[in-house]
Amino acid sequence: MTVLAFEIMTPSIKAVPQSWTMDRLARFLTDNEITGSPVTDENGDIVGIATLKDITEFRWNADRSDPDPLLTPEEEQEARRLRMVIFEEMGKVPVEVRDIMTPSVLSVDEQTPVRDIANIMMREHLHRIFVTKESKITGIITTYDMLKLISEKELTQRCARDD
């Protein structure tokens, strides 16, 4: 019998509002020992996902000073000066989750076979994917949840029988 999404998903989802600051998001992820969270709008609808990677990339881009080979040394110096002015000004206004989140939300139905989910996650380089029922998000499957297929003997045997 095929293993389906609802059998391995985590049904409790810890979502964050898009209006939270990036720093508050970082504390929330750390406090909950998770690496990413769905992002909701004012109506509670999921509009994206924000991860530790998003925070890291934002901070890395703020500190980045890689030279551009197409610019002259004078142009590079001016670009660096402008980048610093921009990030100084941005530092005065808190960066919100909406500014760093990934706005696309991939999902699968609760009845989707886990083999199909694994293929989607590998193809799209995802560490998590939402699970839906009648267009409402009912859970999330992470790479940790996918490991259940290997660690739980009964699930492993059911997957093997699908071949």
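Student: What makes the lining of the largest pocket divide into 7 nonpolar, 6 polar and 4 charged residues?

Tutor: It comes down to residue type. Asp, Glu, Lys and Arg count as charged, and Gly goes with the polar ones. Sorted that way, the lining of the largest pocket in this predicted model gives 7 nonpolar, 6 polar and 4 charged residues.

Student: Which residues lie nearest the centre of the largest pocket?

Tutor: Of the 17 lining residues, Ile 49, Thr 51, His 125, Leu 126 and Arg 128 lie nearest the centre. Two or more lining residues come from each of E3, helix H3 (52–63) and strand E5 (128–133). H3 has the largest share, with 4 residues. The space in this pocket is about 420 Å³.

Student: And the second largest pocket, how much space lies in it?

Tutor: About 270 Å³. It's lined by 15 residues, and Ile 34, Gly 36, Arg 128, Ile 140 and Thr 142 are the closest to its centre. Strand E2 (36–40), strand E6 (136–142) and helix H7 (143–151) each put in at least two lining residues, with the largest share, 3 residues, from E2. By class you get 5 nonpolar, 8 polar and 2 charged.

Student: How do you know that E5 and E6 pair?

Tutor: Pairing takes at least two bridges between the strands. E5 and E6 are joined by 6 bridges, so they count as paired. They run antiparallel, and Ile 129 stands opposite Ile 141 in E6.

Student: What sits between the strands in the hairpin of E5 and E6?

Tutor: There are 2 residues between the strands, and in this hairpin Glu 134 takes a positive phi near 50°.

Student: Back to E3, then. Why is Val 47 called partly exposed?

Tutor: Val 47, which is in strand E3 (residues 46–51), has 23% relative accessibility. Buried would need under 20%, and exposed over 50%. A value of 23% falls in between, so Val 47 counts as partly exposed.

Student: What makes Gln 18 a contact of Val 47?

Tutor: Contact means heavy atoms within 4.5 Å, and Gln 18 is in contact with Val 47. Leaving aside neighbours within four places in sequence, Val 47 also touches Val 39, Thr 40, Asp 41, Met 101, Pro 103 and Val 105.

Student: How far apart are Val 47 and Thr 102 in sequence and in space?

Tutor: They're 55 residues apart in sequence and 8.7 Å apart in space, going C-alpha to C-alpha.

Conventions
Residues are numbered from 1 along each chain as its sequence is written. This is a predicted model: local features need pLDDT of at least 70, side-chain atom pairs count only at pLDDT 80 or more; totals for chains, interfaces and linings use all residues. Side-chain values use heavy atoms; hydrogens and water are left out. Buried means under 20% relative accessible area, exposed over 50%, partly exposed in between (1.4 Å probe, protein chains only). On a 1 Å grid over the protein atoms alone, a cavity is a set of points where a 1.4 Å probe fits but cannot get out, and a pocket is an open set with protein on both sides within 12 Å along at least five of seven lines; lining residues have an atom within 4 Å of a point. Grid points are joined across faces, edges and corners, and a volume is the space filled by probe spheres set on the points.
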